[in-house]
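Have a look at it first, and then we'll go through some of its parts together.

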There are 2 protein chains.
Amino acid sequence: MQRFLVDRAALATDTVTVEGPQARQIALVLRMRAGDEVTLCDGEGAEAVCRLASVTHQRVTMQVLSRNANAAEAALRIHLYPALVRAPRLELVLQKATELGVAAITPVLCRRSVARPAAGEVPSRWRSIVREAVEQSGRGRLPELAAVVDFPTACGEATRADLALCCSEHGGEALRDLMAPPVPRTLAVITGPEGGLEEEEVAEARRHGLHAVTLGPRILRAETAAIAVCAAAYCLAGEWG
Amino acid sequence: MQRFLVDRAALATDTVTVEGPQARQIALVLRMRAGDEVTLCDGEGAEAVCRLASVTHQRVTMQVLSRNANAAEAALRIHLYPALVRAPRLELVLQKATELGVAAITPVLCRRSVARPAAGEVPSRWRSIVREAVEQSGRGRLPELAAVVDFPTACGEATRADLALCCSEHGGEALRDLMAPPVPRTLAVITGPEGGLEEEEVAEARRHGLHAVTLGPRILRAETAAIAVCAAAYCLAGEWG
């Protein structure tokens, strides 16, 4: 069923109205009509199945038929710290990591980061990519998105997790061993930019208490490493059955 | 060190000449000069470190300094059968699966495949993407690329592997359990198109002897599923340490 993210407040009543791009999407792109059903979710775990009551491309009203808690969220909470890389690659990481299930994403300025962060805030484009990936993947919660941080800040934050990792091209421990049962409830992972983390950065991460892990002898592009380590971690944690 | 794929025959002598796009890449893009070193590999596991002797953008000659066998190939041989999907998504799968290390890729026409296969041959664009990913990732072997096959053919081929899987959104076994030691030496995986494999396709795969596996409760895009299952399989097989 088609899914849409709405504000928590909008889901509080039994008649919900959506306007703007979502109304256009329902009326013009999906060509839905009164009587069709959609799922609304608030991005905080609550969902409702709704029947469309009236549809125009400015405004769609719908009746809540049933409410439930989303069941597709991962028990393992991954906070991904991908190196800041050029926009298309970072955007791929935002989309794929959200589909896979990560709880939070904070890009990190690394020594070999070529891209420079926009001052201060999280770009609205990042938020759109993550929202769409949540809607598409059937997740119930929006991942937290944070503005770019520097490397020492990322290391300091990461060590709050039960298990904190950085992916190193200079060798390291086996993810498979570190994720052996009992699996951690929270995992933080820093992944490097094109060219990888510098050895000094890996050493700094280790001083903070992170484990360096290897993703094998092949050189993965920055975005591939970020996607691959999340996939493997969920699999190892038993999230894939 | 910069790496280039060349013909096996070119690597047989101690003086190697490259022309065309590779010469332009070396001379104009990388601005390399006589005395600089590159690695040549033949895509079949043999490599040579070479010193540039003369550089023009039509022709670069180089001397072989040392020869060695590539050490970055995976022991686990994965044959990936990704559903045929629209070009940008399929191309992402070709690139990422090659980086991760797959031995062979054969796209599969599934019921929900929207894209239609070009008649007969493997598109040259697919070959370029895979070649670049081999050069970039430090691999020693070019994955085998095959033209699109139909679903029953894919199932029949897949069961030649020690372990044959299809990724199902309708539930299935746990990849983690199927990959428990002793790990298979060869693995074949069919992944679905947008919307997933139909239940009847999963049933057909099972009749052929494939195991249906789940990638968890979240709906992954077609390309994400293909990348994720390869990453997890290599990790589980001990390829990541």
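## Hairpins in chain A

Let's start with E4(A) and strand E5 (residues 59-69) of chain A, which pair in the antiparallel sense over 9 bridges. A quick word on terms: helices (H or I, at least four residues) and strands (E, at least two) are DSSP runs, numbered from the N terminus, and two strands pair if DSSP finds at least two bridges between them. Across this pairing, Glu47(A) has Asn68(A) in E5(A) as its bridge partner. The two strands make a hairpin, with 3 residues between them.

E4 (residues 46-55) of chain A also runs antiparallel to strand E3 (residues 37-41) of chain A, joined by 5 bridges. Here Glu47(A) turns up again, as the bridge partner of Cys41(A). The hairpin of E3(A) and E4(A) has 4 residues between the strands, and Gly43(A) in this hairpin takes a positive phi near 75°.

## How to read this model

This is a predicted model, in which local features need pLDDT of at least 70 and side-chain atom pairs count only at pLDDT 80 or more, while totals for chains, interfaces and linings use all residues. Residues are numbered from 1 along each chain as its sequence is written, chains are lettered from A and ligands numbered from 1 in the order in which they are written, and side-chain values use heavy atoms, with hydrogens and water left out.

## An enclosed strand

Is strand E6 (residues 77-82) of chain A enclosed or open? Of its 6 residues, 5 are buried, so E6(A) is largely enclosed by the rest of the structure. (Buried means under 20% relative accessible area, exposed over 50%, and partly exposed in between, with a 1.4 Å probe and protein chains only.)

E6(A) runs parallel to strand E12 (residues 186-191) of chain A, with 6 bridges joining them, and His79(A) stands opposite Ala188(A) in E12(A). E6(A) also pairs in the parallel sense with strand E7 (residues 104-105) of chain A, over 2 bridges. In E7(A), Ala104(A) is opposite His79(A). To get from E6(A) to E7(A), the chain passes through helix H2 (residues 87-100) of chain A, in a right-handed β-α-β crossover. Right-handed here means that, with the strands pointing away from the viewer, the path from the first strand over the helix to the second runs clockwise.

## A sheet in chain B

Over in chain B, 5 strands form an open sheet with mixed pairing, in the order E1-E3-E4-E5-E2. Strand E1 (3-5) and strand E2 (15-19) of chain B are the edge strands, each pairing on one side only. From one strand to the next, the twist averages 40°; axes are lines fitted to C-alpha atoms, for helices over the stretch in contact, and angles run from 0 to 180 degrees between N-to-C directions.

E1(B) and strand E3 (residues 37-41) of chain B are parallel, with 3 bridges, and Leu5(B) has Cys41(B) in E3(B) as its bridge partner. Helix H1 (residues 20-29) of chain B packs on the sheet, touching E1, E2, strand E4 (46-55) and strand E5 (59-69) of chain B. The direction of H1(B) makes about 95° with that of E2(B). Contact means heavy atoms within 4.5 Å.

## Between the chains

Which ring does Arg218(A) lie over? Arg218(A) lies over the face of Tyr234(B), at 5.2 Å from the ring centre. The charged end of Arg218(B), in turn, sits over the ring of Tyr234(A), 5.2 Å from its centre. (For this, NZ of Lys or CZ of Arg must be within 6 Å of the ring centre and within 35 degrees of the ring normal.)

Arg176(A), found in helix H5 (residues 175-178) of chain A, is partly exposed, with a relative accessible area of 31%. Beyond its neighbours within four places in sequence, Arg176(A) has contacts including Leu236(A), Cys235(B) and Gly241(B).

Most residues other than glycine have a negative phi, and most peptide bonds are trans. Arg31(A) has a positive phi near 50°; Arg31(A) lies in the loop between helix H1 (20-29) and E3 of chain A and counts as exposed at 67% relative accessibility. Phi of Arg31(B) is positive too, near 50°.

The peptide bond from Pro181(A) to Pro182(A) is cis, with omega near -5°. A cis bond also joins Pro181(B) and Pro182(B), where omega is about 0°.
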